[in-house]
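Thank you for making the time this morning.

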Amino acid sequence: MTTTFQIGDIQVDRIIEGEYPFTSITGFFPALTPELLAENRAWLQPKALDADDMMILCIQSYVLRTPHHTILVDSCVGNGKPRPTRPIWDRKTDDTYMRALSAAGLAVEDIDIVMCTHMHVDHVGWNTRLENGVWVPTFPNAKYLFAQKEFDHWTAQNEKAPVLPFQDSVLPIVAAGRHEFVASDHALDDHIRLVSTPGHTPDHFAVAMGKGRDDAVITGDLIHSPVQARYPEISMFADFDPVQSAATRRAFLERYCDTSTQCCTAHFPSPSRVRVKRWGNGFRCDPITD
Ligand SMILES: [Zn+2]
């Protein structure tokens, strides 16, 4: 399986930290009834759903080599992080992610911009690594772009009760002065634009790429499974605002439906990259394998 592809003059690499059955799909999507699952099980299996109805998630970063920058979008779970409620992520020590980075011909020094579509645990982890008991930026030459309102939201949450990923993977970047706060519709340059897509979190953004047009877009977590394309109103259990999330998802799918734009999802099973087509009142996601 190739994890490298070309979008116009941008080289894109998927840096995969893992791909595995994660949780029961009906637990992940409370609105997915047993009857609806039964209607859709056949096409979801075996890639998006295993034989025990566990949802298969890919955890990955995308690295974009544009004519101007080397950008890492979302930074997965990371190593050494205390994640007591999620045993497979708790104080991880494997070298899969760093091996994938070097297989793509990249060293941590090569990344000059890191962007996190939102501040959930599986999108900020490799922002930092542990050095002599202190969390330091993993990518020493990078500027880290965070959405201002997203940061403000998690700051307030963290004051109410500790938010571990925020404390060990976001705040140390700010303390090191490596951050830049932006609006969630910020245009970086002529190739890269953030697309405000709130709902999953308050200031979630997608990342559109292409010179002057959206040749491809990185979805982040505005969608987690192809079943949500068929039924955009199905939101996931942890969405901050499930109604807004559903509206954002439908608008996004409608915008790119039957266009040539490639959607690079965060969590769909490999190849994770799809084109959107119409399917009844919803949408179908056709995997792109070239
Ligand atoms: Zn995620």
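Which residue in E11 does Ser196 stand opposite? Ser196 stands opposite Phe205 in E11, and I will come back to those strands in a moment. First, a word on what you are looking at: this is a predicted model, in which local features need pLDDT of at least 70 and side-chain atom pairs count only at pLDDT 80 or more, while totals for chains, interfaces and linings use all residues. Residues are numbered from 1 along each chain as its sequence is written, and side-chain values use heavy atoms, with hydrogens and water left out.

Let me start with the sheet. When I name helices (H or I, at least four residues) and strands (E, at least two), I mean DSSP runs numbered from the N terminus, and two strands pair if DSSP finds at least two bridges between them. Six strands make an open sheet in the order E10-E11-E12-E13-E14-E15, with mixed pairing. Strand E10 (192–196) and strand E15 (282–287) stand at the edges with a single partner strand each, so one side of each is left without a neighbour in the sheet. On average, and with direction ignored, neighbouring strands of this sheet are turned by 35° against each other; the axes behind that angle are lines fitted to C-alpha atoms, for helices over the stretch in contact, and angles run from 0 to 180 degrees between N-to-C directions.

E10 and strand E11 (residues 205–209) run antiparallel and are joined by five bridges. Further along, E14 and E15 pair in the antiparallel sense over six bridges, with Asp286 in E15 as the bridge partner of Arg275. These two strands form a hairpin with two residues between them, where Gly280 takes a positive phi near 60°. E13 and E14 also pair in the antiparallel sense, over two bridges, and the bridge partner of Cys264 in E14 is Arg273.

As background, most residues other than glycine have a negative phi, and most peptide bonds are trans. Pro271 has its place in this loop, and a cis peptide bond with omega of about 15° joins Ser270 and Pro271. Ser272 is found in the loop as well, and has a positive phi of about 70° although it is not a glycine. Ser272 is also buried, with a relative accessible area of 2%, where buried means under 20%, exposed over 50% and partly exposed in between, using a 1.4 Å probe and protein chains only.

In one of them, the rings of Phe28 and Phe237 have centres 5.5 Å apart and planes at 75°, so the pair is edge-to-face. Phe28 lies in helix H1 (residues 25–28) and Phe237 in the loop between helix H8 (227–230) and helix H9 (242–256), so the pair ties together parts that are 209 residues apart in sequence. Phe28 is buried, with a relative accessible area of 2%, whereas Phe237 is partly exposed, at 45%.

Trp89 leads us to the last topic, open space. On a 1 Å grid over the protein atoms alone, a pocket is an open set of points with protein on both sides within 12 Å along at least five of seven lines, and lining residues have an atom within 4 Å of a point. The largest pocket is lined by 27 residues, of which Arg86, Trp89, His120, Val121 and Pro165 lie nearest its centre. Helix H4 (121–124), helix H5 (148–160) and helix H6 (164–169) each supply at least two residues of that lining.

Note on methods:
Phe/Tyr/Trp six-rings, centres within 6.5 Å; stacked < 30°, edge-to-face > 60°. 1 Å grid on protein atoms, 1.4 Å probe; cavity = no way out; pocket = protein on both sides within 12 Å on 5 of 7 lines; lining within 4 Å.
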